[in-house]
Amino acid sequence: MEVRIEHLTKSFIGKKGSKTTAVNDMSFVVPDGKLVGLLGPSGCGKSTTLYMIAGLHKPTDGHIWFGDEDVTNVPPENRGIGLVFQNYALYPHFSVKQNITFPLDNVRFPSPLQAYKTRVNEAKSQIKKAQKAGDQEALALHEKELAEAEEALQKATEELEQIKVQDPERYAQLTKKKLTKEEKDEIAHKMARLVDIEPYLERKPKELSGGQQQRVAIARALAKSPRVLLLDEPLSNLDARLRLQTREEIRRIQKETGITTIFVTHDQEEAMSISDVIVVMNFGVIQQIDEPQKVYDEPVNLFVAKFLGSPAINIFDGEIKGGKLYVAGEVFDDDKVYKEEYHGVIHHEYAFVKGTRMTSEEYQADLAAHPERLEGLQPKEVKALKNPEIEIVQEDEEVVKKDRLVKIGVRPEAFTYSKKGSLPIDVQFVQHVGRDVSVIGRVKGQETGMKIIIPSESWKDVVGQNELRFEPKRFYVFEESGERIK
Amino acid sequence: MANLKERNEEVVVTANGSAVLQTPYIDAVTNKGYLDVKQHKWIMPEWLKGWIALIPALIFLIVFMIYPIINSFMISFINNFYWVGGSNSSLAIVNFIASRANTRSSIVQSFGIQNYVNIFKDQLFWQALGNTGLIVIVEVPLTILVGLIIAVCLHSIKPLQGFYQTVFFLPYVTNAIALGMVFNVMFSDGSAGLFNTLIGWFGINPVNWLGASASKWSMFFVIVVYSIWNGIAFKILVFMSGLSTIDKQYYDAARIDGASKFTIFRRITVPLLSPQILYITVTSFIGAAKSYSQIIALFGAGPVNFGGTDGTRWITIVGFIYKYMQSTQESALGRAAAGSVILLILILLLTLVQFAVSKNRVHY
């Protein structure tokens with residue numbers, strides 16, 4: 001089942017009438033049978049998105065499609081979803097088996113004649129409508145339809161009666177309203193086998209480990225064979241070793257069942273390791289949708305570059321001057337993109353104190369420098385003068401710039417040691433950890449720390465040096481506002 | 001060794017003579033207290049601190065619970081019990097010894113089960129027992145069910161929740177006698193009573209609810225309505241606090257699992273609320289078994305009038321005990337004591353049965 005999200009928006013109105021937009025105009029498509037990870041820092045709206053897909057939250061705007069069906073206003077129980085909660089929400093008073101079969105207990109099959117009856121009722125209501133409107137033509141049409149529908153119902157009823165006489169077993173199958181105990185047991189065992197918890201079916205959730213509880217929650221979510229499986233931070237309550245194991249398990253279960261799966265996580269490694277597609281979000285806005293490796297290799301902006309990768313990407317300052325990129329006073333890169341102008345908006349905030357543009361500190365300093373102004377004034381007036389009203393004026397300035405400061409990002413492992421390298425580094429210390437050598441230092445003349453990871457063989461070259469030069473194999477150049485230049 | 005001497009306050013010489021290093025803290029917690037050599041003071045052991053903290057509660061328990069229980073237990077097993085003037089003791093056993101020395105009275109006190117024999121022969125006691133049983137059986141399930149439903153409804157509404165809670169809590173802070181007077185007016189005879197007016201709108205003739213010649217069941221109806229209304233506030237409060245501890249995610253999960261509202265109530269809410277339900281069941285049973293004040297409040301004709309022409313129609317066990325305590329009849333006090341011991345045993349048994357039944361049904 002393909003899941004399509006169109007212009008989804010969710011705003012919450014706070015107690016004081018303030019509006020918070022958790023998800024802002026979000027659109028993406030989850031292809032059928034794929035595993036998609038919604039990735040972002042806490043509070044970025046990823047869980048809200050998941051709950052909207054589940055139907056537990058109502059979107060403020062936008063649509064959710066499951067295949068060709070618009071499910072935006074469909075209640076959660078009719079969406080055909082399975083949801084695994086962050087803390088599993090296993091019913092503590094049920095055994096594992098009861099937990100898995102609980103969704104099945106609530107399944108009700110419609111009577112085989114239901115469709116025919118609906119058709120008759122529909123025709124009847126249409127006739128009433130036509131009578132009210134006085135539309136003779138439509139009336140005749142719907143009366144004909146009613147006759148046909150009634151005939152079909154009659155036929156189906158007779159057919160059913162016949163089956164009842166000839167094949168009682170099939171009749172029972174057709175008219176049953178609920179799943180039988182045996183059927184439920186069979187599904188419970190099947191699901192338990194799938195998630196590998198069959199020996200624990202009779203236990204209570206609290207007698208299981210965190211990882212086992214997690215798997216019970218997945219089994220429960222899958223019991224009704226949902227169209228879409230939703231997982232809310234599925235691994236965050238597990239310890240590190242179990243997390244690794246369980247995420248492989250989730251991947252395996254998803255592959256085995258072929259179910260379209262959406263999961264939410266703030267752990268980039270988790271998202272990278274099991275998703276087919278990653279949706280990176282921040283402040284309720286999608287930053288990038290791509291395959292995991294592509295998100296890592298080709299981040300579209302500074303946020304995505306910083307959010308993915310462990311250890312984190314190195315960010316340092318650069319300057320575009322005369323169409324070239326300079327770092328630490330040397331030409332770092334030369335490309336025609338640096339010759340293009342930058343169109344951007346700079347946000348200014350000015351404070352006006354008593355009609356003059358100055359900050360309140362400047363005003364106080366000015367007042368202290370002229371004590372004569374306070375002489376002979378009433379205490380009230382002195383107070384008013386000391387605490388003047390400050391008017392804040394906001395202004396957006398559109399700028400077109402050629403020469404400007406930029407941010408450069410290089411992943412720690414993307415460096416090679418070279419005496420002629422383009423990046424001079426002041427070394428703080430060098431660590432030899434396992435098969436790698438880490439160089440901790442700063443770009444010459446800058447404050448931000450750098451971590452450079454190079455193969456062990458370079459140990460003898462780099463040890464004991466105060467200054468080293470490295471050549472980045474790949475680097476990303478961003479505007480200060482975060483957009484990617486190169 | 002020098003090192004040990006410096007820290008001599010931490011050295012404890014054990015019984016077999018070997019020196020053991022112990023931290024003062026652990027010593028104070030586990031042992032008989034210890035002497036802080038440096039500060040020359042005795043540190044109180046933990047168990048003693050516990051007893052000291054218990055003293056106020058213990059005093060009240062002994063004076064108002066343990067002493068009366070032992071005393072009435074004694075009295076119930078003394079035939080022909082009466083208080084002897086000049087025995088200078090309110091202990092039944094001392095009084096008993098004094099009575100044996102008392103030559104002026106012709107009544108001889110002796111140990112025995114005469115009180116119990118008397119009580120089981122007493123028609124009034126059986127009536128009280130039956131009445132109390134009826135009140136317990138009808139009132140407790142009804143009040144729990146109604147309280148639970150109101151609590152769940154109150155919990156699911158958001159606007160004005162505080163206001164409704166206050167409304168339902170009002171009977172809890174209202175005096176039982178005052179409430180009884182109000183009910184007395186509401187259910188007064190003839191067509192003037194509020195309730196009779198109400199049922200009059202549906203074409204039902206006025207009912208004599210509480211009058212001396214009223215039927216037993218019309219009285220019972222009022223008693224039950226009154227008891228539920230009087231006791232429901234506390235139950236709602238307990239259920240509401242229980243409901244607020246249930247994780248909302250269970251309801252979200254149940255909704256996704258397609259459970260109807262009734263299924264959620266029956267299979268999620270009630271089991272998760274089972275500790276509170278058990279608590280309320282036990283306390284309600286005990287409370288209903290001790291019914292007394294609501295009956296005299298309703299009939300409003302004095303502390304030993306329980307309705308009906310002879311004033312004993314809805315007598316309860318507590319009412320029976322009180323009636324005999326007031327009585328000047330011979331060995332009435334012994335009978336009252338026997339009644340209270342029987343009530344205690346009944347309540348104890350009921351509670352034990354409830355705990356046994358609930359063992360597999362309560363999920364903590």
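Helices (at least four residues) and strands (at least two) are taken here as DSSP runs, numbered from the N terminus. The model is predicted.

**Exercise 1.** State how many helices and strands chain B has, and describe its burial and contacts.

*Solution.* Step 1: chain B holds 16 helices and 6 strands. Step 2: it has 364 residues, and 38% of them count as buried. Step 3: among contacts in chain B with a separation of 6 or more, 59% are between residues 24 or more positions apart. Step 4: the accessible surface of chain B is about 20,700 Å², and carbon and sulfur atoms contribute 69% of that area.

**Exercise 2.** Identify the buried residues of helix α15 of chain B and what covers them.

*Solution.* Step 1: helix α15 spans residues 317-326, and its buried residues include Ile317(B), Phe320(B), Ile321(B) and Tyr324(B), together with Gly319(B). Step 2: residues three or four places apart on an α-helix point the same way, because there are 3.6 residues a turn. Step 3: the cover over the buried residues of α15(B) includes α5 (114-121), α6 (123-156) and α16 (332-358) of chain B.

**Exercise 3.** Describe the setting of Glu139(B).

*Solution.* Step 1: Glu139(B) belongs to helix α6 of chain B. Step 2: Glu139(B) is buried but forms no salt bridge. Step 3: Lys235(B), the nearest side chain of opposite charge, lies 5.7 Å away, whereas a salt bridge requires the nitrogen and carboxyl oxygen to be within 4 Å. Step 4: leaving aside residues up to four places away in sequence, Glu139(B) touches Leu134(B), Ser227(B), Ala288(B), Ser291(B) and Gln294(B).

Terms used: Residues are numbered from 1 along each chain as its sequence is written. Chains are lettered from A and ligands numbered from 1 in the order in which they are written. This is a predicted model: local features need pLDDT of at least 70, side-chain atom pairs count only at pLDDT 80 or more; totals for chains, interfaces and linings use all residues. Side-chain values use heavy atoms; hydrogens and water are left out. Buried means under 20% relative accessible area, exposed over 50%, partly exposed in between (1.4 Å probe, protein chains only). Contact means heavy atoms within 4.5 Å. Accessible areas come from the Shrake-Rupley method with a 1.4 Å probe; for residues, only the protein chains shown count as cover. Lys and Arg count as positive and Asp and Glu as negative; His and the chain ends are not counted.
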